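This briefing covers one protein chain fold, topic by topic. Please read it alongside the sequence and the coordinates.

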Amino acid sequence: LAGPLFTQAEQEVIRDPSSRSREQKERSERRVEQALAAADRHDSGADKAADWCLSQKGVTEKPLGSNWGEPVQTWITFCGFTVPVFWCGCFNAYGAMKIAGAKVKYPTVLTHNTEMLRYADAGGYGVERVSISEARRGDIVSFTFAHIGMLLGPIENGRLSTIEGNTSAQGQVSNGGGVYEHNDRTTSLVQGIVRPDYS
């Protein structure tokens with residue numbers, strides 16, 4: 001604690017929190033309440049995004065192979081595209097931002113598996129990179145096979161539970177045409193994980 005970061009009085013309070021004034025204790029209690037409320041808002045937003053994405057399970061492109069058709073084209077156009085594109089990221093962006101209100105700067109931040117990680121590393125875009133051990137429900141995974149999915153819970157024993165758009169029911173498919181839940185992904189396929197700002 002030596003040095004210019006803390007005054008002598010601040011150092012004494014840090015060493016002995018019971019010496020805080022009544023005003024300092026009240027301010028501390030307010031900060032704890034604010035932090036808990038922010039955490040609740042984050043968890044609520046992450047749950048809302050994951051729940052909505054899961055509710056879309058079984059939705060497919062129309063016709064298959066077109067990367068278009070409702071509701072897929074709504075997710076695509078939400079991200080600013082006007083023609084069919086690979087839409088795994090659009091699906092997650094729609095769930096996180098439109099449904100759950102995540103404060104991500106642009107929907108396109110979440111539409112490309114490698115660029116999404118660059119935005120997170122750059123800062124200021126409403127996404128942060130998180131480690132595999134920190135990952136939780138509502139986080140978005142960038143896979144090594146040019147694909148994106150949303151986590152449905154923490155990563156346990158090296159295995160992920162995800163809901164993914166533009167995939168198939170099985171296998172590592174980055175243009176599969178439907179929304180499916182996967183429990184067959186392992187951490188060896190993870191390129192990185194980002195957390196949208198659900199607060």
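W75 is buried, at 2% relative accessibility, where buried means under 20% relative accessible area, exposed over 50% and partly exposed in between (1.4 Å probe, protein chains only). The model is predicted: local features need pLDDT of at least 70, side-chain atom pairs count only at pLDDT 80 or more, and totals for chains, interfaces and linings use all residues. Residues are numbered from 1 along each chain as its sequence is written, and side-chain values use heavy atoms, with hydrogens and water left out.

**Surroundings of W75**

- W75 sits in helix α3; helices (H or I, at least four residues) and strands (E, at least two) are DSSP runs, numbered from the N terminus.
- Leaving aside residues up to four places away in sequence, W75 touches W52, Q56, V59, W87, C90, F91, Y94 and V179, contact being heavy atoms within 4.5 Å.
- Between W75 and I193 there are 118 residues in sequence and 21 Å in space, taken from C-alpha to C-alpha.

**The sheet**

- An open sheet is formed by six strands in the order β1-β6-β2-β3-β4-β5, with antiparallel pairing; two strands pair if DSSP finds at least two bridges between them.
- β1 (127–130) and β5 are the edge strands, each pairing on one side only.
- Neighbouring strands of this sheet are turned by 35° against each other on average, direction ignored; axes are lines fitted to C-alpha atoms, for helices over the stretch in contact, and angles run from 0 to 180 degrees between N-to-C directions.
- In general, strands of a sheet pair through backbone hydrogen bonds, either parallel or antiparallel.

**Strand β2 and its partners**

- Strand β2 (residues 140–143) pairs with strand β6 (residues 190–196) in the antiparallel sense over four bridges.
- Across that pairing, S142 stands opposite G192, and F143 stands opposite V190.
- On its other pairing, β2 joins β3 over four bridges, again in the antiparallel sense; M150 in β3 is the bridge partner of I140.
- Three residues lie between β2 and β3 in their hairpin, and A146 in the turn has a positive phi of about 55°.
- Both faces of β2 are covered, with I140 and S142 buried on one side and V141 and F143 buried on the other.

**Helices across the sheet**

- Helix α4 (residues 88–99) lies across β2, β3 (147–151), β4 (159–167), β5 and β6, and runs at about 30° to β3.
- Helix α5 lies across β1, β2, β3 and β6, and runs at about 55° to β6.

**Salt bridges**

- Ten salt bridges are found in a search of the whole structure, a salt bridge being a side-chain nitrogen of Lys or Arg within 4 Å of a carboxyl oxygen of Asp or Glu.
- The side chains of K57 and E181 form one of them (3.2 Å, N to O). K57 lies in the loop between α2 and α3 (72–78) and E181 in strand β5 (residues 178–186), so the pair ties together parts that are 124 residues apart in sequence.
- K57 is partly exposed at 47% relative accessibility, and E181 is partly exposed with a relative accessible area of 27%.
- R22 and E26 meet in another salt bridge (3.2 Å, N to O); they are about one helical turn apart because they are four residues apart in helix α2 (residues 22–55).
- R22 is exposed at 68% relative accessibility, whereas E26 is partly exposed at 34%.
- E115 and R118 meet at 2.3 Å, N to O; both lie in helix α5 (residues 113–122), three residues apart, about one turn of the helix.
- E115 is partly exposed, with a relative accessible area of 30%.
- A network of salt bridges links D47, D51 and R137.

**The largest pocket**

- The largest pocket holds about 200 Å³ of space. On a 1 Å grid over the protein atoms alone, a cavity is a set of points where a 1.4 Å probe fits but cannot get out, and a pocket is an open set with protein on both sides within 12 Å along at least five of seven lines; lining residues have an atom within 4 Å of a point. Grid points are joined across faces, edges and corners, and a volume is the space filled by probe spheres set on the points.
- The lining consists of A9, E10, V13, R20, Q24, R27, S28 and R31.
- α1 (8–15) and α2 each supply at least two lining residues, and α2 gives the most, with four residues.
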